[in-house]
Every structure is written in structure tokens, then in C-alpha cells.
Amino acid sequence: MRTRFKNAETSYIATSKTNFTLVFLFITIFLTMGAAKADEKAKQVVDSVILAYGGDKLTKLKSLRVVDKTQSFSYGQSSMAGDIDNELNQTSVTLDLQNQRIEYRRVRGDKAHFTIEHQLFDGNQGLSIDHSMRTVEQNKGITYLNADRNQHLNLDTALVLLLLKQREQAQYTGTQYYRGELHDKLSFQAEGYPKMTLLVNQHSGYVGKMMQAHWLAGQFFNYHFSDMQQTKGIYYAGHTYVSGDNKPLELTVSRKVEFNLDTTHSFTQPAGYAVKEQPIDFSQLKATKLADNIYLAGSNWGFSVFIDTGEYFAAAGGYFQLTQRFEAVKKLANVDKPLKYLVVSHHHSDHLSGMKEAAALGASFITVKEHIGAIRESAGVELPDNRFVTIDEKGAFADGKLQVLDFASSHSNHNLLTYFTDAKLLFSADLFASHQATGAPRATKALIDVKAKLVDAGFKVSHFAAAHSGRVLTAADFHQSIASFTPQVCPKGWQICHD
Ligand SMILES: [Zn+2]
């Protein structure tokens, strides 16, 4: 605020008359005094928060661990279109505040079926650890701030620690009632984080709520804190509820917090694990010819396969930037034909992010009747019924050059597999993909079911393309993945898989 005024003042003096300058200076001083007052108030509130959360004990805190059992709600990624899935998660976040190290463990699912995620930043590098494959991957994208996918924001004490560092920059923005009690509003922006606004209870000094801008304009992520607890004289909320875009997102079922714990072994990688090769760089959009009239195009996590049928193109893979991929393919093939069909793999929001483009390109959507609503919603334009071609179990198009199979798994009740008959190429989404240059990816149980489905359909697949990767896997990779399938095991010493 003050900086902005200073700049305006400088340019004004240079171009205008003295009396106006005096008026302007007066306004500037007045506003500066107001801002200074607000800043003093901000510091007072920050101090009251620090005191409420443990004072010296908090400011001298060396490490903390928060183990949460949470229920989360999955929008746009449910197994059935039109429904909202509920997911059980157990997370453990260990923070070494002195050396800026972090470890994140996540167990998703229940004891019978779970997946594991393990990431850490050891002070120098970010690591992603795969306990099933017994590999460690160095990942430049993993930092002290994001290794835990921002799970630490669910703990009010962690927010107070961020606030503590921003004491001089925090802004007081008035008061607000929350749960019937008057709260002070503090806004601050810690480095590497979006701007946060805290509601601080005037009576207790506890943070009742944190708000962060949502990516949808005018919407917020709201973190609600309640059930205050204390360990070793440091305070924390026993319960956190997160909402966003006016929908419930996550809530704590149980929470365990430790302060100043022994972190000697928390940030080291497991012994005997192989270092995983660096992933292929897919950052640039690229189109490649895979076989006669068959093209693969994409970048990052969004790929499509196109077939030139003679009269028109048909494609599978509906990620955003579909138009760019199509243009790249037409340029490579040196032809200009319309996109007549797009096979929509399933109803998950990321795979529908190119629907608007497909609609604009004039394509008809090959799908199941259950997904028409989600496609229409994602396209955001009026689409007449004749733009949808539904299949029941299976369908064949372009004189059998393109065949589609409906496959059901826990990921999606309907996930369409697209088979390009002449090239013996299968395109799938969220089932079989790798960003590594070599080696077969880890199989899920669903992949074994895919194999049975392909055998049943009589498809003799020699190559596998995927919505999320530009690497085309081979039949040998597919068989290798299935042969080395092992159910997820709980890593040694991980209590959270058993709780
Ligand atoms: Zn999906």
C-alpha cells in the first residue's frame, strides 16, 4: 500500500503544481499513519496468537509430526459419473523446522486395498520412493514446501509457524464473527505459498479459520479448526475441516501430533533401493507417426492417438490442448481432414478437459450413455443428441479400423479402451503408462482384468499408447508388468498402514 503511494507521489511531483503536491503529501501521510496503525495491530494479534499456541515453546520448536486419518471427497474423479466418492486417507508429515527437511507418507484406502505414497525433501533434494518397486527417484519438483502436497496446511500450528516468520509483513484487515465469536482478520503471504487470511479468536488467540483463494474466481478454500489440544505446552486443533468452492473436501477423523521428536531416521532413503532413471522429458508438444495412418501427439500428461481413415480423422484421448495435438498431426501427415470422432475414455475431469475443443472441432463423441451428461457439462456448449455415439460393451467404427471396448474397474465404472486394428495398437487411460525410458511399469489388479478383456475380444495387441504418456509400451512390457504384479505391501516400520 505505502510503496504504491510513494511511486505515485514521485511521478506526480515531477509533472504537477506545488499546491496539488501538498494535498497529495497530506493524503499520503494520513494513509501511511493509518497503515502503520494497522501494522501495529497486526503485530499485536500475531503476538497474541504465538502466546496462545505456546509462546517460547512454539518459537523454539525444532520439529513436529502430524499423523492424520482423514475422509476426503472426490469431485470429478469418482468411479461413477454423477456420484461423489469418499476416500479414507492416512497421512504422516514430519517437519524438521531447523534444517528445512520434510517427510510425507500417505496410505490411501483401507487395510484390504491401499496405495502408498512416500516423498521427502532431505534438505538438498526431493525424493519419491516406491516401496513396491524398491526404487528411489530424484525429483526436482519436490521441495520443502510441497513434498507433503500441502497437507501441513491442515494443521493450525503449522500456519502459526508460517505467520511467526511473517510478523513484520502481516496485515490487519478488521474483524469478523465466526461461530458467533468476534475474530481478528490477518492476511499474510509466506514465501512459496498463496496469500492466506486467518481468523483469530479475540478471546483465545486460536486460529478458527484460514482462507485461501480458489482457482475458480471468487471462490475460497476454507480450513476450519476446532477441538484444541495441547502436547508439551504447544497447542493445536484436534480437528480440521476443509471446504472449497462451497463443497466439503476433507475432514479429520483422528489426529496425533508430536513436537520435538527424534527425526534422526526420518529423512533418509531406505537402504538397498535402486535409483530410478530420470523420466522422459515430455514438456514439448510432439507428433509422431506410429504406423500407417496412425499418429501419436501430446505433451506432459496429455496424449491422443489419431487415425487417418481416408475420409476423416478419428482420435482417442480427450485432454486439453486437443486442438494443438490435432494441428500437429495434420501438419506431420500433411493433410487436412476433419476430426469426425473422439473416443472419450472416461468421465474424470482431467480426461474431459478437451471436450470444449472437441465440440468446436465438430467431432462426435464416442462414449457410453452414462457419461453424456459429464461430457456436455465439460464442453460447456449446447450439444445435440446426434453428436453422441454410444456403445454398449463394444463398438466398431471406420470399417472396423477402430474398435472400442467398455472396461469396468474401481477407477471408473466405464473406461473405454480404443483398439486401432491394423496397427494392433491399444490406447488406454489411467491403466498402463510409464514416463521412464525403459522397464515395465508396476501393474495394478485392473491390468490383469484388462488382459482378460483383450483375450476375450480377440485383440492381439502389440503396442500400448496411453493418455498420460508419450512412451508406447510393447506387448513384452505388458506381460512383464503382469508377471511381476505384487499386491501393495506396507513398508517396514510404517505404523500408519495398520492403524
Ligand atoms: Zn481417471
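User: What kind of model is it, and what cut-offs apply?
Analyst: This is a predicted model, where local features need pLDDT of at least 70, side-chain atom pairs count only at pLDDT 80 or more, and totals for chains, interfaces and linings use all residues. Residues are numbered from 1 along each chain as its sequence is written, and side-chain values use heavy atoms, with hydrogens and water left out.

User: What is the mean pLDDT of the chain?
Analyst: The mean is 91, and 92% of the residues reach 70 or more. pLDDT is the predictor's confidence in each residue, on a scale from 0 to 100.

User: Where is the pLDDT below 50?
Analyst: Over residues 1-17. That stretch has 14 contacts in the model beyond near neighbours in sequence, a contact being heavy atoms within 4.5 Å.

User: On to the metal. Which residues are the protein donors of the zinc ion?
Analyst: His346 through NE2, His348 through ND1, His411 through NE2 and Asp430 through OD, lying 2.1 to 2.2 Å from the ion. Donors are N, O and S atoms within 2.8 Å of the metal (3.2 Å for Na, K and Ca); water is not among the atoms, so sites may look incomplete.

User: Why is the arrangement irregular?
Analyst: Because the four donor atoms subtend angles of 84 to 177° around the zinc ion. Four donors count as tetrahedral if all angles lie between 85 and 135 degrees; four count as square planar and six as octahedral if opposite donors are over 155 degrees apart and all others between 65 and 115; anything else is irregular.

User: What spacing do the donors follow along the chain?
Analyst: H-x1-H-x62-H-x18-D. Helices (H or I, at least four residues) and strands (E, at least two) are DSSP runs, numbered from the N terminus.

User: Is His348 buried or exposed?
Analyst: His348 is buried, at 0% relative accessible area, while His411 is partly exposed at 28%. Buried means under 20% relative accessible area, exposed over 50%, and partly exposed in between (1.4 Å probe, protein chains only).

User: Now charges. How many salt bridges does the structure hold?
Analyst: There are 22. A salt bridge is a side-chain nitrogen of Lys or Arg within 4 Å of a carboxyl oxygen of Asp or Glu.

User: Which residue does Glu168 form a salt bridge with?
Analyst: Lys43, with the closest N and O atoms 3.3 Å apart. Glu168 lies in the loop between helix 4 (156-165) and strand 7 (171-178) and Lys43 in helix 2 (residues 18-52), so the pair ties together parts that are 125 residues apart in sequence. Glu168 is partly exposed at 48%, whereas Lys43 counts as buried at 17%.

User: And which residues does Arg106 pair with?
Analyst: Arg106 forms a salt bridge with Glu87, the closest N and O atoms being 3.7 Å apart. Arg106 is in strand 3 (residues 101-109) and Glu87 in strand 2 (residues 85-96), 19 residues apart. Arg106 also meets Glu117 in a salt bridge, at 3.6 Å from N to O. Glu117 is in strand 4 (residues 114-121), eleven residues from Arg106 in sequence. Both Arg106 and Glu117 are buried.

User: Which residues are joined into one network?
Analyst: Glu40, Lys43, Asp47, Arg167 and Glu168, through salt bridges that share partners.

User: What about Asp406, which is buried yet has no salt bridge: how far away is the nearest side chain of opposite charge?
Analyst: That side chain is Lys453, 6.6 Å away. For charge, Lys and Arg count as positive and Asp and Glu as negative; His and the chain ends are not counted. Asp406 is found in strand 23, and among the residues it touches are Val368, Ile391, Glu393 and Lys453.

User: Last topic, backbone. What is the phi of Arg134?
Analyst: Near 55°, a positive value in a residue other than glycine. Arg134 sits in the loop between strand 5 (126-130) and strand 6 (135-138) and is partly exposed at 45%. Asn300, not a glycine either, has a positive phi of about 50°, and lies in the loop between strand 16 and strand 17 (302-308).

Note on methods: Lists of a residue's contacts leave out its neighbours within four places in sequence.
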